[in-house]
Amino acid sequence: MPFTKGYVLRTTLANMQRSVTMSLNKTLSRLEEFQGDSSKSTEILQTLSDLNKMKQLLEDFQKNNPQAFAGE
């Protein structure tokens, strides 16, 4: 397959989104484990918040730069 910027960016974005989703799921699954530890629970909630921000940034970048993802 010949090189295209759109392909590279789409593939990279998909991998990044998959990684963020996996981190969200794994972090969320650990929340119950630390219910008695308010410090660790706070850290987990902050991590979830930051991961959600990252997810939104990726979605916004794709939405605001459709030309970058065009092509085969």
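1. The axes of H1 and H2 come within 10 Å and cross at roughly 160°. Axes here are lines fitted to C-alpha atoms, for helices over the stretch in contact, with angles from 0 to 180 degrees between N-to-C directions. H1 is therefore roughly antiparallel to H2 (the term covers angles over 145 degrees). Helices are DSSP runs of H or I, at least four residues, numbered from the N terminus.

2. This is a predicted model, in which local features need pLDDT of at least 70, side-chain atom pairs count only at pLDDT 80 or more, and totals for chains, interfaces and linings use all residues. Residues are numbered from 1 along each chain, and side-chain values use heavy atoms, without hydrogens and water.

3. Contact means heavy atoms within 4.5 Å. On the H1 side, the residues meeting H2 include Leu13, Val20 and Leu24; their H2 counterparts include Ile44, Leu48 and Leu51. By class, this contact has 10 nonpolar, six polar and three charged residues.

4. Leucine 24 touches Leu48, Leu51, Asn52 and Lys55, leaving aside neighbours within four places in sequence.

5. The largest nonpolar core has 10 residues, among them Leu13, Leu24, Phe34, Leu58 and Ala68. Such a core is a set of buried Ala, Val, Leu, Ile, Met, Phe, Trp, Tyr and Cys residues joined through side-chain atoms within 4.5 Å. Helices H1 (5-30) and H2 (38-64) each give two or more residues to this core. H2 supplies the largest share, four residues.

6. Alanine 68 lies in the segment after H2. Alanine 68 is buried, at 8% relative accessible area (buried is under 20%, with a 1.4 Å probe and protein chains only). Leaving aside neighbours within four places in sequence, alanine 68 contacts Lys5, Gly6 and Leu9.

Key:
Buried means under 20% relative accessible area, exposed over 50%, partly exposed in between (1.4 Å probe, protein chains only). Angles under 35 degrees count as roughly parallel, over 145 as roughly antiparallel, 65 to 115 as roughly perpendicular and the rest as oblique. Ala, Val, Leu, Ile, Met, Phe, Trp, Tyr, Cys and Pro count as nonpolar, Asp, Glu, Lys and Arg as charged, and the others, Gly among them, as polar.
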